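Take a moment to look over the chain from one end to the other. The paragraphs below go through its parts in turn.

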Amino acid sequence: LALTVVAGVLVYQIFMGKAGVATTNTAVSIQSASIQNGVLTITIENTGSTSITSLAVSVYPAPGGASNQISIQFNPSPSASNPLAPGQSTSGIYSGGFSPGQQYTITVTAGSSTGSSTIATVTVTAG
């Protein structure tokens with residue numbers, strides 16, 4: 001009987017350890033994005049359960065244009081030493097060659113502390 005109880009406890013601990021790993025996810029949400037007077041302003045929120053350590057932003061002239069990865073200085077800027085924790089947000093701006101009235105698709109790729117990544121996309125019309 002004791003052997004059965006010990007085996008049951010071990011199986012339970014192994015299962016719960018694997019289940020904990022399976023429930024972690026990397027997710028970001030673009031809370032706001034706008035282009036006014038040639039300036040892109042964007043706010044990103046970590047909506048997952050793992051810390052975000054990197055963000056990359058690409059802009060595509062919609063529809064079907066070639067991508068242009070841009071460098072946005074986020075404040076705070078996520079990194080391995082300063083990750084964006086679940087539930088936290090960061091904002092950034094980029095001043096570039098945006099044409100008024102043109103639609104742009106903005107893609108944010110977020111990398112996490114676990115090595116996984118995710119993408120969020122939004123389409124914005126420049127004002």
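Predicted model: local features only at pLDDT ≥ 70, side-chain atom pairs only at ≥ 80, totals over all residues.

**A walk through the chain**

The backbone oxygen of alanine 85 lies 3.5 Å from a polar atom of the side chain of asparagine 46. Asparagine 46 is part of strand 2. Its relative accessible area is 0%, so asparagine 46 counts as buried, the cut-off being under 20%. Which residues are in contact with asparagine 46, leaving aside its neighbours within four places in sequence? They are Ala27, Ser51, Ile52, Leu84, Ala85, Pro86, Gly87 and Gln88.

Now step back to the whole chain. Its secondary structure comes to one helix and eight strands, and the pattern along the sequence is α-β-β-β-β-β-β-β-β. The chain has 127 residues, of which 32% count as buried. Its accessible surface comes to about 7200 Å², and carbon and sulfur atoms account for 56% of that. Consider also the contacts between residues at least 6 apart in sequence: 61% of them join residues at least 24 apart. Glycine 115 and threonine 26 are 89 residues apart in sequence, while their C-alpha atoms are 9.3 Å apart. Glycine 115 sits in the loop between strand 7 and strand 8, and with a relative accessible area of 66% it is exposed.

Next comes the interior. In soluble globular proteins, nonpolar side chains tend to be buried together. Here the largest nonpolar core has 22 residues, and those with the most contacts inside it are Leu40, Ile42 and Ile44. At least two residues of this core come from each of strand 1 (28-36), strand 2 (39-46), strand 3 (52-61), strand 7 (103-112) and strand 8 (117-125).

Threonine 90 leads on to another region. This residue belongs to strand 6 (residues 89-95), and it is buried, with a relative accessible area of 1%. How far does a polar atom of the side chain of threonine 90 lie from the backbone oxygen of proline 76? The distance is 2.4 Å. The backbone nitrogen of asparagine 75 lies 3.4 Å from a polar atom of the threonine 90 side chain. Beyond its neighbours up to four places away in sequence, threonine 90 also touches residues including Ile42, Ile44, Leu55 and Leu84.

The peptide bond from asparagine 75 to proline 76 is cis, with omega near 0 degrees. Proline 76 lies in the loop between strand 5 (73-75) and strand 6. Most residues other than glycine have a negative phi, and most peptide bonds are trans. Asparagine 37 has a positive phi, near 55 degrees, and is not a glycine. It is found in the loop between strand 1 and strand 2, and at 73% relative accessibility it counts as exposed.

The last stop is the start of the chain. Leucine 1 lies in the segment before helix 1 (2-22). Is leucine 1 buried or exposed? Leucine 1 is exposed, because its relative accessible area is 86% and the cut-off is over 50%. Together with Val5 and Val9, Leu1 forms a nonpolar patch on the surface, and the three have about 340 Å² of accessible area together.

Note on methods
Residues numbered from 1 in each chain as written. Heavy atoms only, no water. Core = buried A, V, L, I, M, F, W, Y, C linked by side-chain atoms within 4.5 Å. Buried < 20%, exposed > 50% of the residue type's maximum accessible area, 1.4 Å probe, protein only. Helix = DSSP H or I, 4+ residues; strand = E, 2+ residues; numbered from the N terminus. Polar contact = N/O pair within 3.5 Å; in protein donor to acceptor, adjacent residues only side chain to side chain. Contact = heavy atoms within 4.5 Å. Patch = residues over 30% accessible without salt bridge, like charges linked within 9 Å, V, L, I, M, F, W, Y side chains within 5 Å. Areas by Shrake-Rupley, 256 points an atom, 1.4 Å probe, with all protein chains shown as cover. Salt bridge = Lys/Arg side-chain N within 4 Å of Asp/Glu carboxyl O.
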